[in-house]
Amino acid sequence: MPEIRPDIPGAIGSALMVLLGAGAIWAARDYSDLGAVFPRTVGALLVALGSVYILLVLIGRTRRATGSDGSSMRRTLVAVVMLAWGFTLGPLGFLPSGAAAMAALLLIAQHGRWTLRTALLYGLSTSVILFGMYALFKLALQVPLP
Amino acid sequence: MAFRFRTTLIAATVALAAPLAFAAGYPEKTVNYIIPFGPGGESDVSARFQEPVFKKITGQGLAIQYKAGAGGAAGWSQLNSMAGDGYTVMGTNLPHIVLQPLEKDVGYKTDEITTVFWFHYTPDALLVPADSPLKTLKDFVDAAKKAPGATTMGGSGTNSANHLAQRQFDKMAGIKTTYVPFGGTGPSNTALLGKQVSGSWGYTTVQMQLGAQVRCLAVAMEQRHPKLPDCPTFKEQGFNLVGGAYRGVAVPKSTPADIQNKLAADLAKVNADPEFIRKMEEGGFAMLNIGPAQMASFMTDVKGRYEALAKEMGIVKK
Amino acid sequence: MGSLDFLLAALSPLNLLLALGGVVAGTVIGALPGLTATMAVAVLVPFTFTMAPAAALIALGAIYTGAIYGGAYAAILLNTPGTPSSIATTFDGYPMARKGDGDLALTLACLSSVVGGLIGAGFLLVLAPPMATVALKFGPVEYFWLGLFGLTLIASLGEGSTIKGLIGGGLGLLLSMVGVAEVGGDIRFVGDFKALLGGVDVVSALIGLYCIPVLIDLVATPVAHLEAGKQVASFRLGEALGILRRSRVNLLRSSIIGTVVGILPGAGGSIASLVAYSETKRGSARREHFGKGEPDGVIATESANNATVGGGFIPTLVLGIPGTPPDAIILGALLVQGIRTGPTLFTQQAPIVYTFIWGLILATLIMLPVGLLIGRFAFRSIVAIPKAVLVPGVALLTVLGSFAVHNNIHEVQQMVLLGVAAWGVGRLGFSASPIVLGLILGTIAERGFVQGHLIGGARGSIMAEFFARPISMAIIFFIVLGLFWPWWAARRVRLAGERNA
């Protein structure tokens with residue numbers, strides 16, 4: 001029997017969507033007639049559907065997806081690193097930001113213990129990937145990397 | 001004292017000469033030529049024609065890239081944040097760069113775009129499918145008068161050269177047609193060929209491209225285009241409509257003046273190449289040569305004209 | 001007709017070499033998550049300028065078709081699509097790999113891609129001009145209904161709650177409206193970020209929405225993402241052929257869907273594979289198995305997406321309008337070569353076009369042995385790479401892939417922002433596919449709606465414009481069918497159950 005637990009995360013998400021939908025409708029008040037049709041319609045749709053879902057959660061007819069296992073800390077760190085990478089790419093340039101980000105990711109992703117061997121091996125292979133792709137794109141393919 | 005003076009003099013000379021020397025060597029590597037539209041349009045095609053001639057004249061290539069979006073505004077709004085070393089240049093278009101900022105905040109102002117050279121324009125042309133019952137401009141005007149608003153005219157973009165032409169002509173002829181904007185010349189042509197619209201406002205280049213599948217009712221030139229002898233001008237038929245879309249090359253504001261001048265000089269040389277001229281005219285383009293010397297007066301004149309038109313048409317919202 | 005001459009020309013050593021090299025390069029690039037077929041073509045186009053026109057086209061076509069196929073590797077082995085066209089391949093490909101059937105999935109992907117590619121190229125060879133005429137009949141209104149049809153697919157994708165799927169679709173629709181409106185010129189949802197004036201870039205969004213959440217989840221546990229022990233890297237060719245023969249209706253139908261979607265300008269492999277997947281699932285007796293490792297799923301998506309290669313060239317060559325995103329870039333390459341597209345292309349420049357089409361067919365055929373071989377190699381190596389190195393490697397590829405299409409840093413930022421957001425809402429139970437559908441179809445649907453509204457208004461009746469056109473009516477019929485079919489089928493099952501009880 002699937003456990004009927006209220007889908008709180010889903011409700012939170014739906015609440016967010018209701019806000020977004022309302023925001024869209026509000027932003028559309030400045031737009032020309034034709035330009036506002038879709039924003040208003042979609043906004044209304046989001047508000048409606050989101051509210052319906054929250055209702056379903058409240059009356060207990062939803063099913064919560066099984067929670068995910070594993071380290072949330074690491075996951076969040078990866079998200080942070082990727083965001084940082086995206087925004088430092090310009091100011092720092094491709095190689096510096098790439099090296100920093102990839103090193104960080106390597107550290108986050110490695111669960112086992114760090115031995116000298118693994119450190120060297122992984123560090124080396126990551127560097128090879130970084131410099132190899134840099135050479136491929138910038139030099140061989142003439143892509144103007146930052 | 002004398003020592004100081006001499007050093008200063010030498011330093012000053014070097015400082016003055018360096019940029020000149022720098023410019024004399026320009027371009028020393030490939031120049032990035034950004035087209036603020038998608039591939040396949042008139043801006044792209046004309047740039048592609050320029051590329052080999054530029055390489056022949058300067059020894060360096062033009063790397064053409066695309067940065068499409070918002071009818072060109074996506075590119076122009078980012079132009080001045082790019083490196084001003086002369087190795088990043090961008091295509092510019094009239095009336096776009098005058099009309100867009102007038103209507104709303106698009107992220108740039110007309111005066112912020114530093115165009116170094118205008119090298120051609122594509123004259124407006126009124127096109128209908130080849131098997132359309134409208135055979136002449138007069139037929140068109142009569143049909144539109146009989147059913148106001150029922151004639152649909154496709155075109156590329158809102159508040160673009162096509163749109164302007166439609167509004168201008170509607171006013172001149174005293175008719176009312178419905179303008180249907182498409183995402184570019186490509187989709188607009190598809191709609192015309194598929195008869196989704198009654199006709200379209202395009203350019204002479206479109207007529208050349210689509211050949212016998214479309215009929216040109218009129219062109220907005222002083223005289224008939226050399227390669228389109230069967231297409232009468234608006235003027236001949238009683239309407240004073242001359243114009244189209246102009247295309248040029250711009251650089252970021254921060255680019256040094258001498259590099260700008262050298263670039264303009266190189267582009268002028270490209271424009272004088274007979275093979276280039278032949279290819280352009282066969283494509284339906286009309287040549288133009290506006291360089292730094294005439295730039296200021298040209299822009300003032302053009303801005304004035306468009307602003308007046310925009311006000312008349314009610315485009316200026318702000 | 002001289003058609004045989006063109007075939008012989010395509011068999012010239014240079015052209016064969018280009019076809020082979022293109023397929024290999026394309027497959028490798030497509031296999032790397034984050035590097036898309038569009039990017040591969042974009043980056044390699046400048047190198048074709050010095051080649052003869054037919055040779056250049058063959059090279060680009062080979063890269064394109066190889067990349068579309070290559071995307072299956074990452075989809076099956078890493079659960080990240082190598083290119084947007086292989087998004088739907090992750091649905092059943094990765095579960096198959098988890099069950100130990102990864103090699104079978106790869107072989108099926110290869111065979112299906114080859115068949116799909118051949119069917120698409122076949123249409124190009126024989127029916128291009130007439131099919132292009134059909135494409136012309138699709139006006140703005142038809143595109144609107146098609147967009148809506150695509151959106152109803154969200155309901156049938158069935159990952160999780162339908163309501164949440166629809167909400168996701170709505171979110172995607174909102175994203176598609178960011179930027180300057182095509183009709184009317186309003187600037188919407190941009191705020192002060194001028195970089196958003198061009199709207200959300202679809203490729204960056206796709207890379208972000210699919211690759212980043214998977215990347216983030218990879219680091220969560222130390223367990224290897226695929227157990228190396230379970231995978232026996234053999235071809236399982238016999239088994240694959242058996243499955244293929246059983247599913248030949250699926251194969252054929254999906255390939256045709258792919259070709260048709262490719263012909264419609266603007267729609268590419270990602271939409272084609274999603275439509276094919278959903279149609280196959282809908283009509284299958286084994287509906288419940290889809291999403292858990294059902295071979296038919298892989299067959300449907302991989303044949304459809306390779307069929308878009310040939311199909312997409314039809315409007316590109318005949319009308320000068322790109323059928324799929326990589327075609328837009330190939331158009332640029334054609335212009336440089338001085339090839340003016342249009343109906344006359346097939347008559348006046350027949351040698352170039354037909355040599356190219358034969359070259360494409362050859363490249364597709366070459367993909368068979370090449371794909372199987374590379375597949376085995378990729379299989380062994382990807383499974384063996386330690387996760388710690390895989391994560392930074394894939395991350396680098398996503399950054400490169402989103403940058404290199406337009407050389408635009410903002411697109412990298414869009415990619416990571418959307419990716420992290422997708423992971424966030426994914427945790428809340430909203431999956432990425434509906435969002436992607438909304439994003440891609442939103443533009444198509446809205447544009448069609450607004451233009452149709454203008455034209456309908458001019459012609460006197462908006463209602464007639466939207467509802468009375470033959471093709472539109474056919475599409476509306478399918479929409480209604482699609483919405484009611486699952487309900488109807490479930491009802492019949494229930495009634496039968498009650499009758500038998």
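The model is predicted, so local features need pLDDT of at least 70 and side-chain atom pairs count only at pLDDT 80 or more, while totals for chains, interfaces and linings use all residues. Residues are numbered from 1 along each chain as its sequence is written, chains are lettered from A and ligands numbered from 1 in the order in which they are written, and side-chain values use heavy atoms, with hydrogens and water left out.

I start with chain C and chain A. The size of an interface is often given as the accessible area lost when the parts come together. Here the two chains bury about 5300 Å² between them, with 83% of it on carbon and sulfur atoms. Buried area is the accessible area (1.4 Å probe) that two parts lose on being put together, summed over both. Of the area that chain C buries against chain A, Ile167(C), Val219(C) and Leu396(C) supply 11%, more than any other three residues. The contact, meaning heavy atoms within 4.5 Å, takes 62 residues from chain C and 62 residues from chain A.

How many salt bridges are there between chain C and chain A? The count is one, where a salt bridge is a side-chain nitrogen of Lys or Arg within 4 Å of a carboxyl oxygen of Asp or Glu. Asp217(C) forms a salt bridge with Arg75(A), and the closest N and O atoms are 2.7 Å apart.

Several elements of chain C each supply at least two residues of the side that touches chain A, among them helix H8 (162-176), helix H9 (202-218) and helix H17 (387-404). Helices here are DSSP runs of H or I, at least four residues, and strands are runs of E, at least two, numbered from the N terminus. H17(C) gives the largest share of that side, 14 residues.

Now chain B. Two packed helices are described by the angle between their axes and the distance between the axes. Helix H9 (residues 257-272) and helix H10 (residues 274-283) of chain B pack at about 70°, with axes 5 Å apart. H9(B) and H10(B) are therefore roughly perpendicular to each other, a label for angles of 65 to 115 degrees. Val270(B), Asn271(B) and Ala272(B) of H9(B) meet Pro274(B), Phe276(B) and Ile277(B) of H10(B).

Also in chain B, Asp266(B) and Lys262(B) meet in a salt bridge (3.3 Å, N to O). Both lie in helix H9 of chain B, four residues apart, about one turn of the helix. Over all chains, the salt bridges come to 14.

Last, two backbone details. A cis peptide bond joins Leu94(B) and Pro95(B), with omega about 5°. Pro95(B) is in the loop between strand S3 (88-94) and helix H4 (96-103) of chain B. Lys195(B) has phi near 60°, a positive value in a residue other than glycine.

Terms used: Axes are lines fitted to C-alpha atoms, for helices over the stretch in contact, and angles run from 0 to 180 degrees between N-to-C directions. Angles under 35 degrees count as roughly parallel, over 145 as roughly antiparallel, 65 to 115 as roughly perpendicular and the rest as oblique.
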